Amino acid sequence: MKNARMNRRTLMQAMLGVIAGALVPLGAAQAAEKIKVGLMLPYTGTYAALGTAITNGFKQYVQEQGGKLGGYEVEYSVVDDESDPSKATENASKLVKRDNVDVLVGTVHSGVALAMAKVARDTKTLLIIPNAGADELTGPLCAPNVFRSSFSAWQPAYAMGKIVAERGHKNVVTVTWKYSFGEQSVAGFKEAFEKAGGKVAKELYLPFPNVEFQPFLTEIASLKPDAVFVFFAGGGAVKFVKDYDAAGLKKSIPLYGSGFLTDGTIDAMGGSGEGLLTTLHYADNLTNPKDQAFRKAYAMNYKIQPDVYAVQGYDAAQMLKTGLDSLKGGKFDKDAVIKAMETAKIDSPRGAFTLSKAHNPVQDIYLRKVEGRDNKLVGVAEKALADPARGCRM
Amino acid sequence: MDFVSFLIQVLNSLQYGLLLFLVASGLTLVFGIMGIINLAHGSFYMVGAYLAFALTSLTGNLMLAIALGLPLAFVFGAILEWALFSHLYKRDHLEQVLLTYGLILIFEELRSLAVGDDVHGVTIPELFSASIPLSDNLSYPLYRLVISVVCLALAGGLYWLIQKTRLGMMIRAGSHDRDMVKALGIDINLLYRTVFALGVALAALAGMLAAPISSVYPGMGSSVLIISFVIVVIGGVGSVWGALVAALVIGFADTFGKVLLPDLAGLMVYLVMAVVLLWRPEGIFKKA
């Protein structure tokens, strides 16, 4: 009996060997025409809408290119990262090692993106970050194979620092969550604002994701600054703006913010957001034809209006396409792709941008004003603003 | 901090504490008195908030939405108890944890399918949309004060129900010895179904009342879950007054923590919890 089983197993192994052998040349032949993209984005939880918008944007560009990028058919491996940093390393490793993806695209949450960047560095996999704004990603942790299609936390906040100073405010209080994105936003704002002669009187922080703002509103009322600068996003942004308005502060102390304050949140604010000024690398009524075409196609495809996240996903695909174009249909060569991406000029719906040495977009930051349901363009706050990429040695 | 600011911060603390009590009140019933480890409490809160959003868009008025939503939540709770929770009373706590954790995932996914992942706002009813000026540049939204009054009334009502009525007596007896209560000829199944449904309705009410000030967003349930357990445990499992006192203590700790010790603000609530539990391991008000 024992022998018989052994025999059967040996036979099975031999057969599997034959099958595998037959598959190998087939796989190699296909590799030249296919590019494997690992989408690691949040599809559940607080950032689910952002993950979906980025995916939609990415796929829309691929669709516009006839379902191919630079002549390569795109094969997706999709992972829901749940915006959970504790699962990030495992998820990213799975895509790289099990699914053998050629390029990783992700993600929204900075903590998750930092873990992804580490996996990308260790395995030398190409990574395109379509949102996460942590300064480190294109700062101290920058790497030849890590690119970003979005922004650094520093960029919109720095632009706002200059605007607030220009508007004659001397004395400002900042409020944000005590986590790295919030702290980096405040640091960027403070840098520009104090360079222009203003002074940040007090930096208020509350633990993430606490949204009980009342104690701070009381403190702001008693400090009586000229203006308030905040970084909040999502539900926290809605609540802060509503509370600020309900406390009667909006009338006497103008509120400014990094653009995320009013992106995807205006409806929920129910009028409390009206008139708010924010800075971001995108606005609702840009006049360039690229944006108009993009918005029209996106609305037709997905039955909703695109947002800045969809643009970032779209541009991630554009960046990859530029890289792949350089291969002219040959075998996937990461170094060649990186080289082509570094010098690319991306014709983005937000306006064309190039990439800095640390691979972060060098882009215009717009000043926007909330009017009705839109972040209406007021003007360009900073032309071609490059992140200083402090700590990047590359 | 000048004296006026101090007084306003005290008001903030009281108001936040009462809001926390409201949020935790459903858990006081379900976990405190019935003894079910209900991790889905936050989901019931979320269901309430989304009900408020949906029904307010439908009827145009939050008060009407609450009047419609409360019975819905109660029936929803009764069905859940009948279908799932009634099978768990005699089982291990671990199985309750598993079930209720599973429910969190299911509710979150259903919410995503049904209403999507956007952030929504709910308008404050016209009647309460005014603000009361407190200092030269700061005013206080009337709606927050209204919520505080509702919370106080609720605390009184719950206390009366549990401690002073015949129903309350049966509930308390049932939590000590189910079989004995059954032997006395009381329909324990119906009793528990009612209490559980009431707990769900309270959690939903909290979500509905809080919706205009907290806004309505994915994952909002998880933000209230832990703080609710903290309050029930600090207060003394099963005590309505305990939960109220604990909620106020947390309200003060959080508010003044943020103002006076901003670096420790995130820790403050848990420091208070640790100190209280060292001092009184069974909570401020021990269960009688």
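Reader: In which loop of chain A is Glu82(A) found?
Author: This is a predicted model, where local features need pLDDT of at least 70, side-chain atom pairs count only at pLDDT 80 or more, and totals for chains, interfaces and linings use all residues. Residues are numbered from 1 along each chain as its sequence is written, while chains are lettered from A and ligands numbered from 1 in the order in which they are written. Helices (H or I, at least four residues) and strands (E, at least two) are DSSP runs, numbered from the N terminus. On that basis Glu82(A) is found in the loop between strand E3 (72-80) and helix H3 (85-98) of chain A.

Reader: Is Glu82(A) buried or exposed?
Author: A residue is buried if 20 or more other C-beta atoms, placed from the backbone, lie within 10 Å of its own, exposed if 12 or fewer, and partly exposed in between. Glu82(A) has 21 other C-beta atoms within 10 Å, so Glu82(A) is buried.

Reader: What is phi of Glu82(A)?
Author: Most residues other than glycine have a negative phi. Glu82(A) has a positive value, near 55°.

Reader: Asn100(A) also has a positive phi; is Asn100(A) buried or exposed?
Author: Asn100(A) is not a glycine, and its phi is about 50°. Asn100(A) is found in the loop between H3 and E4 of chain A. Because Asn100(A) has 12 C-beta neighbours inside 10 Å, it counts as exposed.

Reader: Which residue stands opposite Tyr256(A) in E11(A)?
Author: Two strands pair if DSSP finds at least two bridges between them. Strand E10 (residues 255-258) of chain A is joined by 3 bridges to strand E9 (residues 227-231) of chain A, running parallel, and there Val230(A) stands opposite Gly257(A). E10(A) also runs parallel to strand E11 (residues 277-280) of chain A, with 3 bridges. In E11(A), the residue opposite Tyr256(A) is Leu277(A).

Reader: How many residues does domain 2 of chain A give to the contact with domain 1 of chain A?
Author: An automatic or database domain assignment sets the bounds, giving domain 1 (32-151 + 286-355) and domain 2 (154-280) of chain A. Their centres, taken over C-alpha atoms, are 30 Å apart. Two residues are in contact if their C-beta atoms, placed from the backbone, lie within 7 Å. Domain 1 of chain A gives 9 residues, and domain 2 of chain A gives 10 residues.

Reader: Which element gives the most to the side of chain B that touches chain A?
Author: The contact takes 34 residues from chain B and 35 residues from chain A. Among the elements of chain B that give two or more residues are helix H1 (3-33), strand E2 (139-141) and helix H9 (220-235). With 5 residues, the element that gives the most is H1(B).

Reader: How far apart in space are Pro125(B) and Pro212(B)?
Author: Pro125(B) lies in the loop between helix H4 (93-115) and strand E1 (131-133) of chain B. Pro125(B) is partly exposed, with 18 other C-beta atoms within 10 Å. Pro125(B) and Pro212(B) are 87 residues apart in sequence, and their C-alpha to C-alpha distance is 9.0 Å.
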